[in-house]
Amino acid sequence: MKTGVAIIGAGPAGLLLGHLLKRQGIDCVIVERRSADYVLSRIRAGVLETVTTDLMRQLGIDARLNAEGLIEGGFNLADGERLIRIDIRALTGRNVTVYGQTEVTRDLMEAAPARGLEIIYEAGEVALHDIESQRPSVTFIKDDVEQRIEADFIAGCDGFHGPSRKAIPASRAREFEREYPFGWLGILADVPPCHPELIYSNGPRGFALASMRSATRSRYYIQVPLTERLDEWPGERLWDELALRFDSISEHGVTRGAALEISIAPLRSYVFETMRHGRLFLAGDAAHIVPPTGAKGLNLAASDVAYLADALVAHYAQGDDAALGAYEAKALARIWKAERFSWYLTKLMHRFPEDGSFEQRMQIAELDYVASSEAMQRVIAENYVGLPL
Ligand code: APR
Ligand code: PHB
């Protein structure tokens with residue numbers, strides 16, 4: 001098989017890139033290790049910046065997003081006792097949209113056949129070849145038969161564990177990493193949210209987040225030690241804990257219900273430089289990870305592929321490779337700022353086991369300063385709503 005761009009991975013990055021390229025008449029194929037159902041079973045963050053919603057609108061894949069997305073003009077930080085509302089609409093003139101990443105993925109997946117975007121699911125042993133040559137290729141096993149896609153370019157959109165990043169020689173790369181000494185225990189349930197807007201809380205019992213998917217579906221998280229196991233958290237214990245953290249500060253208090261999903265995820269900050277080697281370009285989680293505080297992961301994947309799609313269009317339409325050459329620098333400039341913001345919000349809102357009383361007072365002082373300073377609120381708002389492309 002021959003194509004223009006072989007895309008590895010059908011997460012949000014690969015699917016968005018595929019649609020953006022197809023729309024410009026650029027030939028591409030997506031190769032995905034898992035089944036479509038498996039990809040849709042992954043529950044992830046749910047706050048979209050305008051960068052992401054604008055892309056969905058440009059693509060015309062926005063019917064459900066427009067109908068079901070919750071437009072949010074603000075969110076809250078809490079210090080355990082009070083809510084500090086960050087009025088993002090007043091401070092930036094923009095909003096965020098609460099719409100699950102799983103739904104973004106579903107919409108992009110479902111739009112693929114009608115637009116002629118080919119996705120090969122359940123492709124085993126995906127491997128990259130000759131990325132330093134003019135004619136790279138991707139091989140994989142599908143239904144026990146090895147297949148090869150010869151391409152002009154390979155887009156590595158295969159997430160943190162995929163093979164693309166590993167195909168870049170170590171001598172060409174630098175890794176930057178920060179692991180956090182805790183994880184997030186998350187629960188999804190069909191109960192009304194405790195508050196009309198998100199609350200990120202740093203109280204005496206540690207970090208907690210009250211989020212939502214709709215007026216009838218809530219998403220909550222609490223900070224837990226990395227050693228914690230799910231069987232230590234029966235539903236009642238988790239709801240008790242959430243009630244302790246949110247009942248006194250939220251509008252409606254916590255409503256309990258059966259868990260649709262419950263899981264623990266570690267927190268990590270990670271950047272891999274370089275994002276390009278020969279004819280391989282990395283985008284999304286393949287090149288960088290942010291902790292979920294601030295929900296930047298999907299939005300960064302979206303800005304990466306917006307830059308990459310524009311650069312590939314310039315190559316195919318005008319024979320101009322300047323933008324391909326500039327892709328990495330452009331993407332990294334935005335990535336590092338989102339890394340900074342999600343690290344900052346993580347530091348501000350969590351209890352770190354190594355922190356003493358001084359660091360705790362620093363958090364309290366900072367939250368107090370945020371509460372009293374419009375300048376501080378503006379800094380947080382403009383990062384939360386998303387920096388310009
Ligand atoms: N071969 C083919 N596909 C692979 C392989 C492989 N060997 N390894 C992984 N993949 C697929 C995964 O199954 C997944 O569907 O690549 C896809 C990567 O998708 P994501 O992990 O969702 O990453 P990305 O598309 O960059 O999206 C970034 O997703 O991880 C979240 O929070 C993160 O919001 C961020 C967003
Ligand atoms: C979520 O709704 O899952 C969510 C929201 C905001 C975050 C992280 C996750 O920062």
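Author: Rings of Phe, Tyr and Trp count as a pair if their centres lie within 6.5 Å, and in this predicted model a search of the whole structure finds 15 such aromatic pairs.

Reader: Why is the pair of Tyr180 and Phe352 called edge-to-face?

Author: The ring centres of Tyr180 and Phe352 are 6.4 Å apart, which falls within the 6.5 Å limit for a pair. The angle between their planes is 65 degrees, and because planes over 60 degrees apart count as edge-to-face, the pair of Tyr180 and Phe352 takes that name.

Reader: What makes this a link between distant parts of the chain?

Author: Tyr180 belongs to strand S13 (residues 174–189), whereas Phe352 sits in the loop between helix H10 (322–349) and helix H11 (357–372), and the two are 172 residues apart.

Reader: How do you know whether Tyr180 and Phe352 are buried or exposed?

Author: Buried means under 20% relative accessible area; Tyr180 has 2% and therefore counts as buried, and Phe352, with 4%, is buried as well.

Reader: What makes you say that the charge of Arg34 sits over the ring of Tyr38?

Author: One part of the test is that CZ of Arg lies within 6 Å of the ring centre, and the charged end of Arg34 is 4.0 Å from the centre of the Tyr38 ring. Arg165 lies over the face of Phe272, at 5.9 Å from the ring centre.

Reader: How do you know that Arg44, Gln101 and Asp285 make polar contacts with ligand 1?

Author: A polar contact is a pair of N or O atoms within 3.5 Å. An oxygen atom of ligand 1 lies 2.5 Å from a polar side-chain atom of Arg44, while the corresponding distance is 2.7 Å for an N or O atom in the side chain of Gln101 and 2.3 Å for one in the side chain of Asp285, so each of these values meets the cut-off. The protein covers 90% of the 700 Å² of accessible area that ligand 1 has on its own.

Definitions and conventions: Residues are numbered from 1 along each chain as its sequence is written. Chains are lettered from A and ligands numbered from 1 in the order in which they are written. This is a predicted model: local features need pLDDT of at least 70, side-chain atom pairs count only at pLDDT 80 or more; totals for chains, interfaces and linings use all residues. Side-chain values use heavy atoms; hydrogens and water are left out. A polar contact is a pair of N or O atoms within 3.5 Å; within protein, one must be able to donate a hydrogen and the other to accept it, and residues adjacent in sequence count only if both atoms are side-chain atoms. Accessible areas come from the Shrake-Rupley method with a 1.4 Å probe; for residues, only the protein chains shown count as cover. Rings of Phe, Tyr and Trp (its six-membered ring) pair if their centres lie within 6.5 Å; planes under 30 degrees apart count as stacked, over 60 as edge-to-face and the rest as tilted. Helices (H or I, at least four residues) and strands (E, at least two) are DSSP runs, numbered from the N terminus. Buried means under 20% relative accessible area, exposed over 50%, partly exposed in between (1.4 Å probe, protein chains only). A charge sits over a ring if NZ of Lys or CZ of Arg is within 6 Å of the ring centre and within 35 degrees of the ring normal.
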